[in-house]
Amino acid sequence: MQILIATGNKHKLSELSRLLPAAFSSGEKIEYLGLADFAITLPEETGSTFAENARLKAVHAAKQSGLPALSDDTGLLVDYLHGAPGVHTARYAGETCDAAANNQKLLRALEGVPFEKRTARFKTVACLAWPDGNMQLFEGICEGHIAENYHGTNGFGYDPIFVVDELGKCFAELTADEKNAVSHRGRAFGKVRTFLTTFHNLRLNIPKMV
């Protein structure tokens, strides 16, 4: 059975491959493919919520590939900034920005703000969609704070400045397995993993759940 992971982000693809099951409970193996295996361009993320964007990408990829498709939208919500950058997390510093520019802009926006007021959370909404339009959503949240400086060298994106409350460390200070155990994406895709291994395979007629 093949499932398309609808992302062009190689870091995310690598991270997700560690979170998803290798087989269904029936023993049938699952092969995960990336967008590089298809001539598919994902639609622009025009949704106003993470769920809308995840659904938009997964449904499009499923219809274009003819395979079940899995996508997610993830964002950072900073309380002091009234929930920003939110759905614009990946493009916080502009459409052509990189992670360094995003981090620098966020640190500037919080300059002088004491640590106790730098509360934030990462939220992931994953969507598993089928070519016929059936889908299921899964959510994961990780509470934390925005650090005042960079810490660690692992991970990607905002990992060097997001402090995980329950560990007191930035994501970038954790190993991949440590991060997956507590992260928003790890929690959302842990639910995907449970969902996939609950059913014998995705050829079952699973009712639409949105």
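**Briefing: strands, aromatic pairs and loop contacts**

Tyr92 touches Leu81, Pro85, Cys97, Asn102, Lys105, Leu106, Ala109 and Tyr158, leaving aside residues up to four places away in sequence. Contact means heavy atoms within 4.5 Å. This is a predicted model: local features need pLDDT of at least 70, side-chain atom pairs count only at pLDDT 80 or more, and totals for chains, interfaces and linings use all residues. Residues are numbered from 1 along each chain as its sequence is written, and side-chain values use heavy atoms, with hydrogens and water left out. Helices (H or I, at least four residues) and strands (E, at least two) are DSSP runs, numbered from the N terminus.

**The loop between E4 and H3**

- Tyr92 sits in the loop between E4 and H3.
- Tyr92 counts as buried because its relative accessibility is 14%; buried means under 20% relative accessible area, exposed over 50%, and partly exposed in between (1.4 Å probe, protein chains only).
- Tyr92 and Leu106 are 14 residues apart in sequence, and their C-alpha atoms are 8.3 Å apart in space.
- Thr89 lies in the loop between strand E4 (85–86) and helix H3 (99–109).
- Thr89 is buried, at a relative accessible area of 5%.
- The side chain of Thr89 reaches the backbone nitrogen of Leu76 at 2.8 Å.
- Thr89 touches Thr74, Gly75, Leu76, Asn102 and Tyr158, again not counting residues up to four places away in sequence.

**Strand E5 and its partners**

- Eight of the 11 residues of E5 are buried, so the strand is largely enclosed by the rest of the structure.
- Strand E3 (residues 69–78) and E5 run antiparallel, joined by 10 bridges; two strands pair if DSSP finds at least two bridges between them.
- Leu77 has Arg121 in E5 as its bridge partner.
- E5 also pairs with strand E6 (residues 135–146), in the antiparallel sense, over 11 bridges.
- Ala120 stands opposite Gly144 in E6.
- E5 and E6 form a hairpin with five residues between them. Gly133, in the turn, has a positive phi of about 100°.

**Aromatic pairs**

- The structure holds five aromatic pairs. Rings of Phe, Tyr and Trp (its six-membered ring) pair if their centres lie within 6.5 Å; planes under 30 degrees apart count as stacked, over 60 as edge-to-face and the rest as tilted.
- Phe122 and Phe162 form an edge-to-face pair, 4.8 Å centre to centre with 65° between the planes.
- That pair links distant parts of the chain: Phe122 is in strand E5 (residues 119–129) and Phe162 in strand E7 (residues 162–164), 40 residues apart.
- Phe122 and Phe162 are buried.
- The rings of Phe162 and Phe171 are stacked, because their centres are 5.3 Å apart and their planes lie at 25°.
- Phe171 is buried, as is Phe162.
- Ring pairs join Phe122, Tyr158, Phe162 and Phe171 into a cluster.

**The β-α-β unit**

- Strand E1 (residues 2–5) and strand E2 (residues 31–34) pair in the parallel sense over four bridges.
- Ile5 stands opposite Gly34 in E2.
- E1, helix H1 (residues 10–17) and E2 make a right-handed β-α-β unit. A crossover is right-handed if, with the strands pointing away from the viewer, the path from the first strand over the helix to the second runs clockwise.

**Helix H5**

- H5 (residues 184–198) has 15 residues and reaches 21 Å from its first C-alpha to its last, close to the 21 Å expected at 1.5 Å a residue. The expected span is 1.5 Å times one less than the number of residues.
- Buried residues in H5 include His184, Arg185, Phe189 and Phe195.

Key
Polar contact = N/O pair within 3.5 Å; in protein donor to acceptor, adjacent residues only side chain to side chain.
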